[in-house]
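Below is a short note for a colleague who has not looked at this entry before. Please read it with the sequence and the model side by side.

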Amino acid sequence: VAVWKIVSPTDITLRMTLKGHKDFVLAVDLSETSIISGSADRTIKVWDAFTGKLVRTLCGHSDWVWCLQLQGSHLISGFHDKTLRIWNIDTGESVRVLRGHNDLVICVAVDNRRILSGGIDKTIKVWD
């Protein structure tokens, strides 16, 4: 994962490179303090946004991590195994597994009340 410093459209420099995944990265998100990456290696990594150090690795799915979105201290991730997971990124705990798609989950959006997920099964699920 490459982290870039953008001062202006013509002043962009590489700030750091985050190395740790064993396969290609499919999804990223960030907050003020964390960078989150999901990979085909079946893991999600939480990085310190200031130092680039790996904080923790989240494991629990049997296939690729296609999408993710951070909402406060919770992370919602969508997987090739047709599920979404809600994680507590402070503890690394998988809080809940959401099942309902008939094929891989490729996108996720979150607000304060709902989770929306889209899948290859041509459906959008609304979870609340």
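1. The model is predicted. The residue numbers used here count from 1 along the chain as its sequence is written.

2. A nonpolar patch on the surface is formed by Trp4, Ile6, Ile12 and Leu14, and together these residues have about 440 Å² of accessible area. Strand 1 (2–8) and strand 2 (11–17) are the elements that give two or more residues to this patch.

3. Leu14, one of the patch residues, lies in strand 2. Its relative accessibility is 47%, so Leu14 counts as partly exposed. The limit for exposed is over 50% and that for buried is under 20%, with partly exposed in between.

4. Is strand 4 mostly covered or mostly open? Strand 4, residues 34–39, is mostly covered, since six of its six residues are buried. In a regular strand, side chains alternate between the two faces of the sheet. In strand 4 both faces are covered: Ser34, Ile36 and Gly38 are buried on one side, and Ile35, Ser37 and Ser39 are buried on the other.

5. Strand 4 has a partner in strand 3 (residues 25–30); the two pair in the antiparallel sense over five bridges. Within this pairing, Leu30 stands opposite Ile35 of strand 4. Strand 3 and strand 4 form a hairpin, with three residues between them.

6. Strand 4 is also joined to strand 5 (residues 43–48) by five bridges, and these two strands run antiparallel. Here Ile36 stands opposite Val46 in strand 5. The hairpin of strand 4 and strand 5 has three residues between the strands, and Arg42 in this hairpin takes a positive phi near 75°.

7. How many disulfides does the model contain? The count is zero. A disulfide would need a pair of cysteine sulfur atoms within 2.5 Å. For Cys59, the closest cysteine sulfur is that of Cys67, at 18 Å, so the two are too far apart for a bond. For Cys67, the closest cysteine sulfur is in Cys107, at 6.3 Å, which is also too far for a bond.

Definitions and conventions
Predicted model: local features only at pLDDT ≥ 70, side-chain atom pairs only at ≥ 80, totals over all residues. Heavy atoms only, no water. Patch = residues over 30% accessible without salt bridge, like charges linked within 9 Å, V, L, I, M, F, W, Y side chains within 5 Å. Areas by Shrake-Rupley, 256 points an atom, 1.4 Å probe, with all protein chains shown as cover. Salt bridge = Lys/Arg side-chain N within 4 Å of Asp/Glu carboxyl O. Helix = DSSP H or I, 4+ residues; strand = E, 2+ residues; numbered from the N terminus. Buried < 20%, exposed > 50% of the residue type's maximum accessible area, 1.4 Å probe, protein only. Pairing = 2+ DSSP bridges.
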